[in-house]
Amino acid sequence: MGKVSQRVVHDFLRHDKKFPHVWCSGCSNGTILGTIIRAIAEQNLDRNNITMVSGIGCSSRMPVYIDLNTLHSLHGRAIAFATGIKTFKPDMKVIVVTGDGDSTAIGGNHLIHAARRNIDMTVIVVNNNIYGMTGGQYSPTTPDDAKATTSPYGNFDRQFDICDLVIGAGATYVARSSAFHTMELQKMIVDAMNHKGFSIIDVISACPVIYGRMNKKGGPPEMMQAMRDNTVLNTATAKLPPEKLEGKTIRGVFKNVQCPEYCEQYAKVVEKIKETSDE
Amino acid sequence: MSQKVEKDRTGTIIREEDSSEKMTVEVNEVKTTGDFDAPVYIYYNWCKKCGICVAFCPTKCLARKADGSPYVKYPEKCIHCETCDRLCPDFAITGAKDKKGGAYGPK
Ligand SMILES: Cc1ncc(C[n+]2csc(CCOP(=O)(O)OP(=O)(O)O)c2C)c(N)n1
Ligand code: SF4
Ligand code: SF4
Ligand code: SF4
């Protein structure tokens, strides 16, 4: 794993944007953006060959700050825009950054069908368990009993497990990590970017200002600590007694398989039609 | 202090920037002692005082000032592990060593 210094990270930022960035103090969005930059820098890729696409939300502001080809699109439609880019330019590496609301609520259909088609892109879901940007409404990943502005007495909607959802839909690389586990996350992003097919990483992230405050999760360091203490790597679960796994979120790579990729299939059909029409 | 203004065809201002806001860095120069050679740099005008770097520095060489912002209390303890670099949400601190093992700071 290549170490990437902060100076290199600074080189990837858009120097004509206002810094410090807009995110609240201690928000994981910045840490995750830093990790994405480190993963890209580590691979020495041509920046012209990478596009970052996002929807709308706090996390979806990442493309504003990173100096790549970027597209800050519509709420819930990031994967739809990314599909357009990928089908038009199959050689482009496409990274989608999306919130939990953006990807699983309004954009849920785009998510499952992109997974089903196995279209080659890397989706990074910044999962802060809430709609951050619009003031803290509950999202499909808000846990049981958690408070949000739209669930002042505790949330009783059942929760999506994003990894289970996309495994069911047919994604070919599925992983979960957190903003605290930056080394692990960096490696997963590199692997996901090099995976041919639909890859997705569910990143546990902290929204200390809205979710944290409403649910008394403490400040930014305490929320980071919770990511460290309340998660277990899937390779370690077998060795642990069941009581140690209670209430823990499992991190790790859950699925990594090869299946025919959508753009390749599409190109094959085009070739076939060309051949038959020549005759 | 130059102003950059971008207008569209109709003359409406679509982007206005004050370049004095750009990447200006204020550096916390740590006076080093003995064989210690690489200070930790903190970009105070980017730091949002969240306390993450102080909480997770494995050697506890960082501490918080009264206003919550970090400072290097024990520079000789820094092991250049870059934990603070990686966890800082604001790209505002670095304890990295450069390739020659010397001090790392803004260009
Ligand atoms: C079509 C449409 N519906 C609703 C909105 C309002 N809106 C903006 S951001 C957002 C939710 C963002 O939450 P999430 O995707 O979880 O991202 P976060 O802000 O938490 O990072 C909503 C509902 C919108 N911009 N467009
Ligand atoms: S509202 Fe929450 S998610 Fe949005 S920037 Fe603030 S802390 Fe981050
Ligand atoms: S580089 Fe490591 S030891 Fe040095 S200040 Fe940062 S976290 Fe602490
Ligand atoms: S982690 Fe970054 S923003 Fe937070 S206190 Fe440390 S230097 Fe400041």
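Modeller: Start with the axes: each is a line fitted to C-alpha atoms, for helices over the stretch in contact, and angles run from 0 to 180 degrees between N-to-C directions. Helices (H or I, at least four residues) and strands (E, at least two) are DSSP runs, numbered from the N terminus. This is a predicted model, where local features need pLDDT of at least 70 and side-chain atom pairs count only at pLDDT 80 or more, while totals for chains, interfaces and linings use all residues. Residues are numbered from 1 along each chain as its sequence is written, chains are lettered from A and ligands numbered from 1 in the order in which they are written, and side-chain values use heavy atoms, with hydrogens and water left out.

Take helix α2 (residues 28–42) and helix α8 (residues 182–194) of chain A. Their axes come within 9 Å and cross at roughly 50°. The two helices, α2(A) and α8(A), are therefore oblique to each other (under 35 degrees is roughly parallel, over 145 roughly antiparallel, 65 to 115 roughly perpendicular, the rest oblique). Their crossing is right-handed (the near helix is turned clockwise from the far one by less than a right angle; anticlockwise is left-handed). On α2(A), the contact (heavy atoms within 4.5 Å) involves Thr31(A), Thr35(A), Ile36(A), Arg38(A), Ala39(A), Ile40(A) and Glu42(A). From α8(A) come Thr182(A), Leu185(A), Gln186(A), Ile189(A), Val190(A) and Met193(A). By class, this contact of α2(A) with α8(A) has seven nonpolar, four polar and two charged residues (Ala, Val, Leu, Ile, Met, Phe, Trp, Tyr, Cys and Pro count as nonpolar; Asp, Glu, Lys and Arg as charged; the others, Gly among them, as polar).

Next, helix α6 (residues 108–117) of chain A. Its axis and that of helix α4 (residues 78–88) of chain A come within 8 Å and cross at roughly 35°. The crossing of α4(A) and α6(A) is left-handed. Ile79(A), Ala80(A) and Thr83(A) of α4(A) meet His110(A), Leu111(A), Ala114(A) and Arg117(A) of α6(A). That contact of α4(A) with α6(A) has four nonpolar, two polar and one charged residues.

Helix α6(A) also packs on helix α7 (residues 162–169) of chain A, at about 45° with the axes 8 Å apart. That makes α6(A) oblique to α7(A). Their crossing is right-handed. Here Leu111(A), Ile112(A), Ala115(A) and Arg116(A) of α6(A) touch Leu165(A), Val166(A) and Ala169(A) of α7(A). The residues in this contact of α6(A) with α7(A) are six nonpolar, no polar and one charged.

Now the ligands. Ligand 1 has 16 residues around it (a heavy atom within 4 Å). Cys58(A), Ser59(A), Gly101(A), Asp102(A) and Gly132(A) come nearest. A polar side-chain atom of Ser59(A) sits 2.8 Å from an oxygen atom of ligand 1. Backbone N or O atoms do likewise: one of Gly101(A) at 2.9 Å, and one of Asp102(A) at 2.7 Å.

Around ligand 2 are residues including Trp23(A), Cys24(A), Cys27(A), Cys58(A), Gly132(A) and Cys207(A). Helix α9 (residues 208–214) of chain A gives the largest share of this shell, three residues. The shell of ligand 2 splits into eight nonpolar, three polar and no charged residues.

Last, two backbone details. Most residues other than glycine have a negative phi, and most peptide bonds are trans. A cis peptide bond joins Phe19(A) and Pro20(A), with omega about 0°. Pro20(A) lies in the loop between α1 (6–11) and α2 of chain A. In chain B, His80(B) has a positive phi of about 55°. His80(B) lies in the loop between β5 (70–72) and α2 (83–87) of chain B.

Notes
A polar contact is a pair of N or O atoms within 3.5 Å; within protein, one must be able to donate a hydrogen and the other to accept it, and residues adjacent in sequence count only if both atoms are side-chain atoms.
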